Amino acid sequence: MARRKGKRRIEPTFSAPASKRGRAPSVSRSDRVLPSARRKTKRRSSRRRTGRARRRGFFGFLRGFVYWSLVLVLWAGIAGAAIAAFYGAQMPSATTWTIPDRPPNVKIVSAEGRLIGNRGMTGGEAVGLHEMSPYVPQAVIAIEDRRFYSHWGVDPIGLARAMVENLMQRRLTQGGSTITQQLAKNLFLEPDRTIKRKVQEVLLALWLEQKHSKNQILEMYLNRVYFGSGAYGVEAASRRYFNKPAHDVTLAEAALLAGLLKAPSRLSPARDPQAAEERAQVVLSAMREQGMIGDSQLTAAISAPATRAAAYWTGSQHYVADRVMEELPGLIGNIEEDVIVHTTVDLGLQKLAEKSIRQLIDEKGKELAVSQGALVSIDGSGAVRAMVGGYDYANSQFDRASEARRQPGSAFKPFVYMAALEQGRTPQSVRNDAPVKIGKWTPSNYKDKYYGRVTLAEALARSLNSVAAQLAMEVGPEAAVEVAHRMGVESKLTANASIALGTSEVTPLELTAAYVPFANGGYRPEVHFISRVTTTSGALVYEHKTGSLPRVASPQVVGMMNAMMAGTIEYGSGRAAAFGWPAAGKTGTTQGSRDAWFVGYTSNLVTGVWFGNDDARATKATGSSLPALAWRDFMAAAHKGVSVAALPGNWRPGQPAKQPVPQRAVADTNAPPTVPSSAGGRPVPPADVGGPREKRQLSILDIILGN
């Protein structure tokens, strides 16, 4: 047993290490006749499994990506629908949605029908696509919504492009809104940037696309969108920047307008012409890229001069437009639809008036220390034919013609002399022109020059302060104030001795209006700018009724005053105003030459001119210098081709004085003459001669007319 344990059989091995095998018989893998098939098979299957695993991993990832993307899109759609439903539920029922009315426009035209300006919330008329330059809608579509005619209100491609651009720029540079969405926002929504507003904008855009055609949507958009500088709508913008209707806009100008939509205020050519031009070139490039224009058109448009617009509307006619807008609500109430206001202003005369003021300031303003001027021209019926409120409306919209109150100086003297004539004096009455002292006041003549004994006619023509002050004390300051108010001055006047030299302030408009009775034979008309108002369809909304004009001066007094003031131009202080017509007027210069005036008239027009400075700085001008020259230039041009007519009244030296007349409205039993009018050549109806109706004697004409 023990021996058997001591002898152990050793078997040959094939895998034991050589160190352990010793001398024992062994066979290595290299000694085999054939390689192991099992090993080879194992290797091949391992390789197959690795390839399959790789393929299964890629496609599995792709399938997973697609699957989870679809899931994400589905949930995003559900979330979007829920948000849309939530915010949509806060909106009124779609059955009640209507396009709000466009804010009414007020079109203001001259007496001959030419455009003066547009006013209102939009400041321009609504025009159809066929009424505007074809370049305008093309340019807007090219830069704002190139797929406008193919999308259904929302442009997913444009939205995705905007998102990518915003991510690349790392800031919000593009919004991706379509023209339809922008219109929806302008019509119905506030401009705040919230999810609620964006969702409602999309819903409204879809509704607009269902209810209106693409052209209707584009037309509404172009008539309401903001183009900067206070211009809403393409017509207002065309007038504002190019002074032309939208129909006449060129390719370069259309590109500029379309470029403004990105940032209307910042890119306005009135604020930054260079930025506006650079943006316009971007629009032109977009139009060329989309095949809307050719290379030659692109080159010509890019080489066009840059547009430079004034910071505000330019042209003196806008002073008239502003005045019209002040008066209009009192005549027609609230403006609820587009209206056309027909004014009394002659645009040709308006341009002449503007030229006469600006040219003299340009030529002599620096030399005479004058920076501003104003002119008002009124015909015998009270119709304002021209009104210039300053040197340049674009730089200052303050209307010096109707709003600035300035001392009239010697231009107030006619009312003092008229009071004297009404109390029995005549132009031949004599006074001593010498230094006088009234209380503590010592009025002196210009350059302290005195003439001794002179007639009232000569004293007024030469504008002698000493005689005017004496007359004011003789008739009483209250009488002079009463005459001025009766003739048309509306400002409060202080009844003191210095009233003779025009120390109470008035506006050029009312002072000129107060001279009208001298030109029309003694009648005070209602000064007006508006002749009638109509709707765009032609329906009459308002019409000015002339009616009976009250007589405020007797024919005898008017004749004497005209004879006296004609001397101002013939040989007196206003000789520079003579232009070959029978005319009369009065110069005026205040202390320190702060105000220089000339108010004069023919039987056709009454025109008042003022020069000075807004801050009342002293000037070197007098009434016989700049104002008389501007008056002459304007009146000479205004009377070209007009038949010469004498001034009312035929008083001559040596004619006896008439009985004193009351200081209220003057009674006259004769039928009043027709008041001359340049407004359409229509005669003014017979005037009321004044006095209580039941106490005055009726004429044959009164009985016929039923008065």
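Residues are classed as buried under 20% relative accessible area, exposed over 50% and partly exposed in between (1.4 Å probe, protein chains only). The model is predicted, with local features needing pLDDT of at least 70 and side-chain atom pairs counted only at pLDDT 80 or more, while totals for chains, interfaces and linings use all residues. Numbering runs from 1 along each chain as its sequence is written, and side-chain values use heavy atoms, with hydrogens and water left out.

F598 and W631 are both buried. Rings of Phe, Tyr and Trp (its six-membered ring) pair if their centres lie within 6.5 Å; planes under 30 degrees apart count as stacked, over 60 as edge-to-face and the rest as tilted. By this rule there are 13 aromatic pairs. In one of them, the ring centres of Y226 and Y232 lie 4.6 Å apart with planes at 40°, so the pair is tilted. Y226 counts as partly exposed at 25% relative accessibility, as does Y232 at 34%. The rings of F598 and W631 have centres 5.1 Å apart and planes at 65°, so this pair is edge-to-face. An aromatic cluster is formed by F412, F415, Y515, F518 and Y601.

A nonpolar core is a set of buried Ala, Val, Leu, Ile, Met, Phe, Trp, Tyr and Cys residues joined through side-chain atoms within 4.5 Å. The largest such core has 81 residues, of which F415, Y417, Y515, M561 and Y601 touch the most other members. A second, separate core of 53 residues includes V127, L187, W207 and I217.
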